[in-house]
Amino acid sequence: MWLSPHFTLAEFEDSFTARYWKIDNKAPPEIIGRLRVVAAGLERIRAAAGCPLALTSGWRGARLNRLVGGVRRSAHTLGWAADVRPVGRTLEAFVAQLRATSPQVLGRYDQLIVETSRGVLHASFSPSMRMQWLVQSGGPKSAVLMLPTLDEG
Ligand SMILES: [Zn+2]
């Protein structure tokens, strides 16, 4: 099932860890609407970056989240987040491009976390929409807040 022009529900549910441990990682029906919001946000990021995105982690049930070492109440377990890796670009170039993108183009987001050790961008779109940029070079406690991009509007 396509959630947006470039992202499918299967990509959000796929997990190597879930397959390895034979965990059913199907998103509950009430979560699908949230995943559509995330997919729409990823489409804006994809368009701003000008490159395809590989989704490395999307929906996580509670057990899967524990197994992958996610923080408790992770936005992934609520259906509000996805981790993406730019295809054909370095993470640095990808992030620099997004940081230079007009907020009107990038649209609203809750948190964009540059996870340098894993080479991914964690993008969450929960309703709090804090518009936060963070950089995380180690575990979750290493997150450092970056200044948001200036609103040109
Ligand atoms: Zn994440």
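**From the whole chain to its core**

Of the 153 residues in this chain, 31% count as buried. Please keep in mind that the model is a predicted one.

Let me begin with the overall dimensions. Along the principal axes, the C-alpha atoms fill a box of roughly 45 × 35 × 30 Å. A compact globule of 153 residues would have a radius of gyration near 15 Å, and the chain, at 15 Å, agrees with that. As for the contacts between residues at least 6 apart in sequence, 59% join residues that are at least 24 apart.

The secondary structure consists of 6 helices and 8 strands. In sequence order, the pattern reads β-β-α-α-α-β-α-β-α-α-β-β-β-β.

I turn now to helix 3, which covers residues 29-49. Its 21 residues reach 31 Å from the first C-alpha to the last, close to the 30 Å expected at 1.5 Å a residue. After the helix comes G50, with a positive phi near 70°.

Which residues of helix 3 are buried? They are L35, V38, A39, G41, L42, I45 and A49. On spacing in general, an α-helix has 3.6 residues a turn, so residues three or four places apart point the same way.

Let us take L42 from that helix as an example. Why does L42 count as buried? The reason is that 24 other C-beta atoms lie within 10 Å of its own, and the cut-off for a buried residue is 20 or more. Setting aside neighbours within four places in sequence, L42 is in contact with F7, L53, A82, V84 and A123. W59 lies 17 residues from L42 along the chain, and their C-alpha atoms are separated by 14 Å.

That brings us to the largest nonpolar core, which has 29 residues. The members that touch the most others are V38, L42, A82, V84, L121 and A123. At least two residues each are supplied by helix 3, strand 3 (53-57), strand 4 (81-86), helix 5 (91-99), strand 5 (111-115) and strand 6 (120-124). Helix 3 makes the largest contribution to this core, with 6 residues.

Finally, consider V84. Leaving out residues up to four places away in sequence, V84 touches L42, L53, A54, L55, T56, V120, L121 and A123.

Thank you for your attention.

Methods
Residues numbered from 1 in each chain as written. Predicted model: local features only at pLDDT ≥ 70, side-chain atom pairs only at ≥ 80, totals over all residues. Helix = DSSP H or I, 4+ residues; strand = E, 2+ residues; numbered from the N terminus. Expected span 1.5 Å × (residues − 1). Buried ≥ 20, exposed ≤ 12 C-beta atoms within 10 Å, placed from the backbone. Contact = placed C-beta atoms within 7 Å. Rg over C-alpha atoms; globule rule 2.2 N^0.38 Å. Core = buried A, V, L, I, M, F, W, Y, C linked by C-beta atoms within 7 Å.
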